[in-house]
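Please consult the sequence and the coordinates while reading.

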Amino acid sequence: MAQKAAKQQAARNTAILKRTHLISLAITTFFVLLRLLLFRASCTRATYLLYGFLSAPAFAIEFWFERIGRPVTAPNGELKKSGEDLEAKGLTDFMWDILYWTWGCTVFVTILGDKAWWGYIVVPLYSAWLGWTTFGGMRKGMAGMAGGDAGADNSNGAMSNRQKKQEKRGGQKMQYR
């Protein structure tokens, strides 16, 4: 069972990439067929330009996932590289959010028309919100490093049970910075 974790990672990544490509193909086919067959009167060149422009980030993310997540095997079938974890938190998770949102917008555009592309404005707003909350969390976390009167904020709630018992018994007083 050499490299059991790597083999499991490779199998998971292969399944995720296959599912992602099939969903993307199905949604693109759904868009093209419905727009050509059912909504032909409202289908213009601008429709396809908007589709290409606003779906480009999803295609780029899908290509990137393919590039970093696809397992690499040697000619003899031995696993050389299992690929990056496509279920990782952080940037990968954010990229999945963009991919899912683009797919949803494409389905809505297919059914409702070109005005549904306005729903894609949520992506930059979501990015700004994530950036702001991350920056705010860092700012709060680094506030204690500034010095000054940071010790005044430390109340009994910040002490461990051991420290509280020692102070209650009149033992050594703890000094907090």
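Contact means heavy atoms within 4.5 Å. By that criterion, residues 24 or more positions apart account for 58% of the contacts in the chain with a separation of 6 or more. The model is a predicted one, in which local features need pLDDT of at least 70 and side-chain atom pairs count only at pLDDT 80 or more, whereas totals for chains, interfaces and linings use all residues. Residues are numbered from 1 along each chain as its sequence is written, and side-chain values use heavy atoms, with hydrogens and water left out.

## Overall organisation

The secondary structure consists of five helices and two strands, where helices (H or I, at least four residues) and strands (E, at least two) are DSSP runs numbered from the N terminus. Along the sequence the elements follow the pattern α-α-β-β-α-α-α. Of the 177 residues, 27% count as buried; buried means under 20% relative accessible area, exposed over 50%, and partly exposed in between, with a 1.4 Å probe and protein chains only. The chain exposes about 12,600 Å², of which carbon and sulfur atoms supply 64%. Accessible areas come from the Shrake-Rupley method with a 1.4 Å probe, and for residues only the protein chains shown count as cover.

## Helix H1 and its cover

Helix H1 comprises residues 4-37. At 1.5 Å a residue, its 34 residues should span 50 Å, and the end C-alpha atoms are 49 Å apart, which agrees. The expected span of a helix is 1.5 Å times one less than its number of residues. The buried residues of H1 include Asn13, Leu17, Thr20, Ser24, Ile27, Phe31 and Arg35. What covers the buried residues of H1 includes helix H2 (45-69), strand S2 (79-81) and helix H3 (91-112).

Two packed helices are described by the angle between their axes and the distance between the axes. Axes are lines fitted to C-alpha atoms, for helices over the stretch in contact, and angles run from 0 to 180 degrees between N-to-C directions.

The axes of H1 and H3 come within 9 Å and cross at roughly 20°. H1 is therefore roughly parallel to H3, given that angles under 35 degrees count as roughly parallel, over 145 as roughly antiparallel, 65 to 115 as roughly perpendicular and the rest as oblique. The crossing of H1 and H3 is left-handed, a term used if the near helix is turned anticlockwise from the far one by less than a right angle, with right-handed used if clockwise.

H1 and H2 pack at an angle of about 170°, with their axes 10 Å apart. This makes H1 roughly antiparallel to H2. Among the residues that make the contact are Asn13, Leu17, Thr20 and His21 of H1, and Tyr51, Phe59, Glu62 and Phe65 of H2.

Which residues surround Thr20, leaving aside its neighbours within four places in sequence? Thr20 is in contact with Glu62, Trp96, Leu99 and Trp103. Thr20 lies in H1, and Leu99 and Trp103 lie in H3.

| Residue | Relative accessible area |
|---|---|
| Thr20 | 3%, buried |
| Leu99 | 0%, buried |
| Trp103 | 9%, buried |

With neighbours within four places in sequence again left aside, Leu99 is in contact with Thr20 and Ala58, and Trp103 with Thr20, Ile23, Ser24 and Ile27. Leu99 and Glu62, 37 residues apart in sequence, have their C-alpha atoms 7.8 Å apart. For Trp103 and Ser55 the separation is 48 residues in sequence and 8.3 Å, C-alpha to C-alpha.

H3 has 22 residues and reaches 31 Å from its first C-alpha to its last, close to the 32 Å expected at 1.5 Å a residue. Its buried residues include Phe94, Met95, Trp96, Leu99, Trp103 and Cys105. Gly113 follows H3 and has a positive phi, near 115°.

Is Trp118 buried or exposed? Trp118, in the loop between H3 and helix H4 (122-141), is exposed, with a relative accessible area of 67%. Trp118 and Cys105 are 13 residues apart in sequence, and their C-alpha atoms are 8.6 Å apart.
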